[in-house]
Structures are given as structure tokens and as C-alpha cells.
Amino acid sequence: MAIDDTQAQSETGAYELQRPGRFREFWSYFSENRGAVAGLIVFLSFILIAIFADFIAPYSPTDQFRGNLLQPPFWQDGGSTKFLLGTDAVGRDMLSRLIHGARFSFFIGLIVVSLSLLGGVTIGLVAGFVGGWVEVMIMRLMDVILAFPSLLLALVMVAILGPSLINAMLAIAIVLQPQYVRLTRAAVLAELPKDYVTSARMVGSGTLRLMFITVLPNCLAPIIVQAALSFSTAILDAAALGFLGLGAQPPKPEWGTMLSEAREFILRAWWVVTLPGLAILITVLSINLMGDGLRDALDPKLKRS
Amino acid sequence: MIQFVLKRLGTTIPTFIGVSIITFLFIRLIPGDPILLMAGERGMSDERHAKLLAQFGYDQPLWQQYWDYLSGMLRGDLGISFRTKRPVWDEFFALFPATLELSLCAIIFAVFIGIPSGIVAAIYRGKWPDQLLMSTALIGYSMPIFWWALLLIIFFSGTLGWTPVSGRISLMYFFPSGTGFMLIDAWQSGQAGAFKSAVQHLILPTVVLGTIPLAVIARQTRSAMLEVLSEDYIRTARAKGLSPFRINGLHALRNALIPVVTVIGLSVGTLLAGAILTETIFSWPGIGKWMVESIRARDYPVVQGGLMLIAAMVMFVNLFVDLLYGLINPKIRKS
Amino acid sequence: MALLDVNNLTVEFKTSQGQFRAVDSIDISVDANDVLAIVGESGSGKSVSMLAVMGLLPWTATVTADQMLFNGIDLTTLTAKQRRNIVGKDMSMIFQEPMSSLNPCFTVGFQLREALKAHLPLSRSARKIRAIELLEMVGIPEPLKRLSAFPHQLSGGMNQRVMIAMAIACKPKLLIADEPTTALDVTIQAQILELLLELNQQHDMALVLITHDMGVVAETAARVSVQYAGQKVEEQSVEDLFAAPRHPYTHALLAALPERATGKLLPSIPGVVPGQFDRPTGCLFSPRCQFADARCLADAPLASPDDSTSVRCHYPLSNSASVA
Ligand SMILES: Nc1ncnc2c1ncn2[C@@H]1O[C@H](COP(=O)(O)OP(=O)(O)OP(=O)(O)O)[C@@H](O)[C@H]1O
Ligand SMILES: [Mg+2]
């Protein structure tokens with residue numbers, strides 16, 4: 001009982017507060033979580049690297065230095081500071097390829113999240129507002145999509161559409177969509193009976209306005225958290241597709257594709273295998289850390305602990 | 001309880017039909033003619049083309065094809081593989097035990113490490129064991145498992161030479177597969193060293209496949225335990241003077257398990273997705289590797305049938321987990 | 001010697017905004033077979049002080065006391081294991097919310113037998129017999145059948161009876177009942193109180209009854225301790241307290257009753273109990289006290305140890321003033 005009361009209070013309180021106040025409150029919770037802040041910093045540097053890859057990378061990711069095949073990183077015997085992280089089997093600079101790989105991962109994440117979020121939220125809003133058989137059909141369709149293991153569904157879609165990065169992103173976006181639909185619908189159903197919606201209805205707001213301007217901003221919290229989580233899923237799945245040879249195609253410096261090219265050197269040149277995977281892990285980890293922080297800061301239930 | 005079962009079945013059947021329609025349409029959506037695609041660069045005579053179209057039923061109207069597909073499926077007929085010319089259904093069930101064995105081992109590994117880790121983390125909330133365990137879990141949760149597999153191979157197979165890199169058992173051993181589970185078959189064969197070899201082959205794939213479920217289970221157990229530990233009935237248990245072991249391990253865990261079991265059930269989909277990567281890397285002759293090879297070879301009947309059977313399996317497991325949820329949650333069971 | 005003798009008990013919680021003192025130098029003394037009522041508004045630290053005695057507070061709480069004797073044993077120096085041998089056996093507690101105080105995953109019988117198993121060397125069958133006996137004792141019909149029921153299949157009143165059965169399973173010397181009837185219907189309330197009093201009289205068990213309800217106090221208790229904002233402001237026998245409350249807060253509580261015997265929740269005294277951030281410097285009750293003057297606002301009054309009513313006020317009401 002007591003918890004319910006305070007929760008309701010904090011919700012209405014947040015609703016009445018001005019936006020800057022809301023953000024400051026969010027930030028004060030978020031910044032308390034050291035892991036989340038570290039994740040945010042790594043993620044921001046990842047974005048910067050992705051954007052400025054052309055300026056940061058010492059070489060082009062596709063330039064082949066035929067005299068320096070499989071050269072180890074500079075601190076090992078045989079390495080040189082010319083290629084800080086060594087070269088791969090055809091003499092391309094690892095560091096440059098990793099930096100450009102950040103760009104791929106970033107755009108994959110961005111596009112997949114945008115597509116699945118826009119599609120999923122819209123469908124979820126429709127399901128929540130329209131109700132009836134439309135809602136039943138939508139939710140059953142989402143159940144159908146969820147019945148397939150996501151990576152397998154993406155694989156099959158890529159097999160049909162043809163292996164390419166664009167198709168891989170499209171497939172992953174479709175696979176991630178049901179999560180948004182479910183979340184949005186649940187949030188809408190929870191918000192609809194509340195007083196502010198009723199009063200907006202009485203004033204005569206149109207359905208579209210009600211959907212996107214009145215209700216949506218109040219169920220954003222779980223959607224934002226989901227966006228962070230699906231950003232990392234998108235990067236992981238795209239890398240997995242690349243690894244299986246069904247995502248980005250060589251010689252694109254996509255991390256998963258780089259790993260699959262490097263597999264045969266696994267016992268000879270640790271750096272061509274270790275580094276791309278490490279890049280994926282660090283990126284995904286930072287996003288997940290951030291996602292955890294977001295969830296804790298946005299979820300009023302966990303706030304008080 | 002019966003009502004609960006019926007209601008749950010009521011949502012499973014439409015989903016099943018939806019899945020069958022989607023898998024059916026997939027193949028029809030491919031631009032071009034599947035027979036020509038299969039023939040590839042070589043091409044074929046018109047006569048042979050027409051014969052093959054008729055043989056695979058692609059000359060029928062769409063609804064007729066769907067009906068044949070659905071009724072065939074219920075009879076255990078999912079068509080013939082382009083590549084091997086063997087029935088898809090037979091191939092699937094020949095390979096399935098390998099995937100099942102691997103998945104079961106992975107889930108056991110994940111449960112037996114994940115749940116205790118989650119409990120310990122919850123009990124030591126905010127202290128170093130919690131931080132250590134949950135950081136590790138988050139790393140596991142973020143792990144690209146195909147890379148993780150390569151790392152383990154580098155270390156355990158390359159550097160230490162402890163474990164083999166591929167397959168289910170060393171080629172030295174040969175015995176008829178009785179159960180399809182290599183561990184059991186190897187044990188029953190009585191050949192010296194066979195069982196050990198099977199175990200060695202199984203360890204790395206199990207760890208790789210179990211990593212993400214392990215992380216998910218540990219995190220979920222911790223949060224469920226934390227929620228439960230602040231409940232009134234835990235205070236009652238403490239007021240009875242029970243030992244912490246009994247309070248945490250019985251009173252709290254029993255309640256915390258309810259959401260954890262759901263999560264374990266839901267991770268079956270993740271597990272099968274992971275099996276695709278794990279089996280490909282370790283050359284594990286199971287469903288995942290089979291699907292990837294078929295996708296690469298554009299063996300559409302296999303892709304379609306395999307997808308259908310896998311989705312059906314996921315649905316079946318989810319149904320089972322929901323029923324189990326009803327069983328372990330007395331509020332549903334007795335109402 | 002008193003059964004429970006607590007001196008200068010203080011409980012502080014670690015919160016994100018610093019330390020919060022929920023209980024402030026309270027003395028509690030309960031004799032064997034005594035019935036002590038603790039009254040006060042919500043948030044006055046009644047539950048926290050008794051949970052501290054039981055050792056049931058979460059780790060965020062710091063408990064300090066000059067002395068905490070139960071049955072001659074010093075509770076402050078016990079190890080966790082030694083404490084577990086006392087808690088649930090000689091000293092037990094029941095709570096406000098019967099529906100959530102029982103574990104939903106186990107049957108009533110399991111939870112009852114478990115209480116026996118923890119402290120008594122009984123065989124399996126003996127435990128079952130004793131469990132049935134206990135359910136009968138607390139007035140549950142068809143006890144054998146009820147043993148295999150889950151808590152959500154029973155009503156709130158039945159669950160509270162189960163809680164009582166569990167609490168008295170090992171024949172405790174002291175039972176602490178924290179608002180045992182607040183969540184129940186009025187008719188059930190009376191039955192539960194009657195049951196508690198009966199147990200108190202027939203089984204030689206002291207009772208500490210935490211309540212909001214002055215009517216309940218009048219009917220059940222022998223002595224009353226009044227708490228306000230974590231402090232004990234007054235303690236008297238029931239007759240004296242109702243006849244001549246000495247602290248203005250007690251006076252206000254009683255004055256707010258339309259009929260002294262039929263009070264419900266504590267009715268309105270203007271203002272609220274001070275929280276963590278608005279604690280006044282002087283007497284904690286001064287902002288709401290009709291008699292407060294400059295001295296009350298400046299200095300906190302101390303409990304006068306020589307006075308038998310131990311009233312915490314600069315200007316205790318005399319008998320004549322209380323007749324309002
Ligand atoms: N775990 C805790 N952490 C922080 N503060 C707490 C905790 N438990 C109780 N408090 C605070 O201690 C104060 C006293 O609480 P307590 O539960 O003892 O009040 P009470 O007199 O029993 O009230 P009620 O009549 O509502 O039960 C309250 O202000 C409460 O907010
Ligand atoms: Mg209380």
C-alpha cells in the first residue's frame with residue numbers, strides 16, 4: 001500500500017514538473033551509478049570514433065601493405081609502431097579497420113533501432129488505442145515473430161533477400177520490432193484509464209493527438225530502455241550475421257566480418273581474432289551498462305532502494 | 001487450472017497457424033523460381049524444369065500449395081531436401097539429438113551456476129561479491145559468443161591442448177548411435193576412453209552456448225531475490241528464528257524461482273539462436289549447423305521445414321513453461 | 001525483575017539523505033504476564049522499536065541501547081545464532097498484514113510445523129499433532145483440512161489466526177502484536193483481540209500490543225506507553241491515563257475521541273508528525289501543542305525519571321487540567 005501511494009505520487013509529480021527539472025532528476029539518479037557513467041563515456045567516444053573515423057584512422061581500411069602480412073602489434077617481437085595493432089592476412093592495418101568498423105556498428109545500431117522503434121511504437125499505439133480484433137491480430141502476429149529464434153529468422157530473411165548489410169539490418173529491425181509493440185501497447189493500456197487522458201478526451205483532442213502527444217510521452221521510459229538494449233542486440237546480431245558470411249561482405253571492415261575472415265589464423269595470429277571481438281564486446285558492454293543505468297534511473301519502483 | 005491450460009492453448013494454436021503461413025510464404029517470396037535458383041548457373045532444359053516444378057508442387061495454386069504443406073506437415077512430411085534428396089523431417093530428427101544434448105548441457109550449466117550466483121549477489125547486495133558477480137554477468141550478457149568460442153579454442157585447445165576443436169567425439173571411436181545422445185551412447189559402448197572423449201568434445205560448446213543464459217539467469221535471480229527478500233513473509237520467517245540458509249534457500253528462493261523459471265523457458269529461443277553459431281564454430285552436427293549450411297546452399301525445403309520445426313519447438317517449450325509456471329505458482333494452481 | 005527491560009533504545013536508519021532517527025531513547029519494560037499497549041500516530045516508531053527488540057530490522061538500521069534484557073539475557077551481546085534461539089521461541093511477533101505475512105508458496109501446515117521444528121525436539125508425527133492442536137487453540141475450524149491450505153485460500157482473519165498459532169507454537173513468554181487487527185473487519189478484530197487476551201491469561205504470556213486504536217487500549221491493556229515522533233512521551237496504567245493524561249499529546253489524542261471507547265483511527269490533531277527534515281529544535285510536539293511557549297520551542301524536555309508517569313514535557317498537565 002505505502003509503496004503504491006508513493007509511486008503514484010512520484011508519477012504525478014514527474015508529470016507536473018517542467019522538463020528541465022525532470023531531466024535533472026533523471027541525471028542525478030543516473031550519475032549516481034558509476035558503471036552507467038563509464039558506459040556513457042565509452043559509448044560517446046565510440047560515437048566520436050565512428051563519426052571521425054576518416055580523420056582518426058592512420059590508413060585507409062582497405063589499403064593492403066603487401067610487405068607486412070600478419071605483422072603483430074607494436075609491443076610484440078616483429079611488430080612496429082607503423083602498424084600499432086598489427087596487420088591482417090593481406091596486410092591491412094588492424095587499427096584503421098577497427099576504427100572504421102566502429103562506423104559500421106554505429107550505423108547498424110542507429111538504423112536498426114530507428115526502424116524497429118518507429119515501426120514498433122506506431123503498431124503498439126495502434127494496438128493499444130484501436131483494440132478489438134485489430135489488437136488481437138497484431139499481438140498474434142508479434143507472437144508469431146517471437147516464436148522464431150531472432151538470429152535464425154534474420155538469417156533466413158537475409159538468405160531470401162540476399163546477403164548484404166542493408167538486408168541484414170532490415171531483418172534485424174523486423175526481428176526486434178515485437179518488443180516495442182508489446183511494451184508500447186502495455187504502456188498505453190496502463191495510461192489510458194488515467195485521469196489526464198480522460199480529461200484530454202473531454203476537451204476533444206483527436207485520436208492522433210491523443211496517441212502521440214498526450215499518451216506517448218508518458219510511456220517513454222520503458223521504450224528508451226528498450227532502445228538502448230536493442231542497440232546492443234543489433235550490433236551483436238549484425239556481427240553474428242557478418243561472422244556467418246551473411247551480413248556485411250568483405251572487404252568491408254565490419255567487426256563480425258573481420259572475425260570470420262580471421263578464423264583460419266586463429267592459432268597463428270591472435271590479434272586478428274582477438275581485437276575485433278574485443279571491440280564488439282566493449283561497445284556492447286558500454287551500451288548495456290548505460291541501459292542498466294537508464295532503467296534504474298527511469299523506473300520509479302527501483303528508484304527508492 | 002484446466003481453464004488456464006485451455007486459455008493458453010487458445011493462444012498457441014493461432015500462433016502455430018501464423019508460423020506455418022509465414023514459413024510457407026517465405027519461400028514463395030523469393031524473387032525468381034526456386035527450381036532455377038537451385039540449378040544455379042548451369043540452368044536446365046524446359047522439360048526437366050516443368051517436371052521438377054510438378055514434383056515439388058510449385059505448379060499448383062498458392063492456397064493448394066499451402067494446404068498440401070500444412071497437411072503434409074501434420075503427417076510428418078516436410079518435403080525433400082534439394083541437396084541430399086532425403087526427407088527434411090528425417091534429416092531434422094536425425095540431427096536433433098545432437099542439438100538437444102548440447103542445449104540441455106548448456107542450460108544445466110547455466111542454471112547450476114546462474115541461480116547460486118544470483119542468490120549470493122542478492123544476499124551480499126552492494127558488497128564486493130555482488131559487484132564481482134554482477135559485473136561478470138554483464139560481461140557474459142554482452143558477449144559475442146562466436147568470439148568467445150574462438151577465445152576458448154585459442155586457450156584451451158591451442159595453448160593448453162586440453163580440448164578438441166570440433167565434432168562430438170574422437171574419430172577413433174565408433175559405435176552405433178542408440179539414444180542419439182553421445183554421452184549416453186559412449187558410456188554404453190563400453191569402449192575405453194569413449195566417454196571421456198565425448199565429455200571433452202562437449203565442454204567448450206556447452207560453456208559457449210550456456211554463457212548468455214547463465215548471465216541472464218544470474219541477473220534475473222538476483223533481482224527476483226531482492227524483490228522477495230523485502231517481502232513481509234521473509235520477516236515472518238526471520239521472526240520464527242529460522243537460519244539464514246533456510247530463509248534464503250527455501251522461503252525466498254521458492255518465490256524468486258517463479259520469474260526465474262519463466263526466464264529459463266524464454267531463453268530456449270536464445271539458446272537455439274546461439275546453437276546456430278556454436279554448432280557452426282565447433283562443427284557440431286546438429287540443427288543449427290544444418291540450417292546454416294542449408295541457407296548457404298539455398299536448400300529451400302530444408303530452410304522452410306527446419307524453420308517451421310524450430311518455431312514449433314520454441315512454441316511447445318513456451319507452452320510447457322507456462323504450464324509449469326502454473327504448477328509452481330500456487331495462486332494459479334489452486335484457483 | 002521485568003521480563004523485558006530496555007533502556008535508552010535508539011534506532012537510526014541510513015538513508016540517501018543521511019541518518020534518520022526513527023526511535024529516540026525509548027525505555028520499555030514489560031513484566032511477565034503484563035499487557036502493555038503502545039500507541040501513537042503513524043510514523044512514531046512503534047513498529048521500529050519492537051522490531052529492534054526482535055532483531056528484525058534491515059541492515060540499514062543501527063540499534064543502540066544502554067540495556068536490552070530479555071528474561072535475564074542481554075540481547076545486545078548475543079550472536080546471530082544465539083538470538084535465533086530466542087526469537088520465535090521465547091519471544092515472538094505477529095504483524096499488521098496477515099495476507100502478506102505468510103509465504104504464498106507453502107501450505108499453512110508446513111509453515112506452522114516449521115516453527116515447531118526450529119525450536120522443539122518433536123518427532124514428525126508429534127509436530128503434526130501439535131499443529132492441529134494449535135490451530136484449534138486459535139479457533140480455526142476443521143484444523144486438519146486447513147493444514148494443507150495455502151494462505152491465499154484463507155481469509156485475512158484466518159491468516160491472522162494462523163500467524164498467532166505460529167507465534168505461540170513454542171509457548172513464548174512474550175508476544176508482540178503489531179497492529180494485529182488493523183487490516184481486518186471490525187467483527188473479526190474483536191475476536192482476534194479476545195483470543196490474544198485469552199492466551200495472555202491462560203498461558204502466562206506477556207503481551208505487547210501496538211495499536212492506533214484507543215478503544216482497543218481501553219479494553220485490553222494494563223499499561224499504556226504513548227510514543228510521538230520516535231520518543232516515548234508518557235507511560236501510565238490504563239485507568240490513570242484515561243482519567244488523567246499528563247502529556248498534551250495524550251490529552252489531544254483522548255480529547256479527539258468522540259466516545260472514548262469507540263475510537264477508530266486517530267482523529268485529527270492539527271499538523272503532522274515531524275519527518276526527517278522538519279524536526280523542531282525544542283519539544284518535538286511543540287508546533288502542534290496548544291500549550292507550547294518559548295521554552296518549549298527552545299529546549300527539548302527530558303523524561304523525568306523520578307516521576308512514575310515518566311512524562312516528557314516541561315509543563316505536564318495536572319489532573320484538573322485534563323478534565324476537558
Ligand atoms: N527500513 C527503513 N528505512 C528507513 N526508514 C524507515 C524504515 N522503516 C521505518 N522507517 C521510518 O521510521 C519511522 C517509524 O516507522 P514505524 O514503522 O515504526 O512507524 P509506526 O509507528 O509503526 O507507524 P504505523 O502506525 O504506520 O505502523 C517512519 O518515519 C518510517 O518512515
Ligand atoms: Mg507500524
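I count a charge as sitting over a ring if NZ of Lys or CZ of Arg is within 6 Å of the ring centre and within 35 degrees of the ring normal. I looked for such cases first in this predicted model. Lys127(B) lies over the face of Trp59(C), at 5.8 Å from the ring centre. I also noted the charged end of Arg235(B) over the ring of Phe95(C), 3.9 Å from its centre.

**Conventions.** I number residues from 1 along each chain as its sequence is written, and take chains lettered from A and ligands numbered from 1 in the order in which they are written. Local features need pLDDT of at least 70, side-chain atom pairs count only at pLDDT 80 or more, totals for chains, interfaces and linings use all residues, and side-chain values use heavy atoms, with hydrogens and water left out.

**Aromatic pairs.** I take rings of Phe, Tyr and Trp (its six-membered ring) as paired if their centres lie within 6.5 Å; planes under 30 degrees apart are stacked, over 60 edge-to-face, and the rest tilted. My search of the whole structure gave 29 aromatic pairs over all chains. Trp270(A) and Trp271(A) form an edge-to-face pair, 6.0 Å centre to centre with 90° between the planes. In chain A, ring pairs also link Phe43(A), Phe46(A), Phe106(A), Phe107(A), Phe231(A) and Trp255(A) into a cluster.

**Ligand 1.** I looked up the residues near the ligand (a heavy atom within 4 Å). There are 14 around ligand 1, and the closest are Ser42(C), Gly43(C), Ser47(C), Val48(C) and Glu179(C). I then listed polar contacts (pairs of N or O atoms within 3.5 Å; within protein, one must be able to donate a hydrogen and the other to accept it, and residues adjacent in sequence count only if both atoms are side-chain atoms). A ligand oxygen is 2.9 Å from a side-chain N or O atom of Glu179(C). For the side chain of His212(C), the corresponding distance to an oxygen of ligand 1 is 3.0 Å. A backbone N or O atom of Gly45(C) lies 3.1 Å from an oxygen atom of ligand 1.

**Backbone.** Which peptide bond from Pro250(A) is cis? I found that the bond to Pro251(A) is cis, with omega near 5°. Most residues other than glycine have a negative phi, and most peptide bonds are trans. Arg298(B) has a positive phi of about 55° although it is not a glycine. I recorded a positive phi of about 55° for Asn8(C) as well, again not a glycine.
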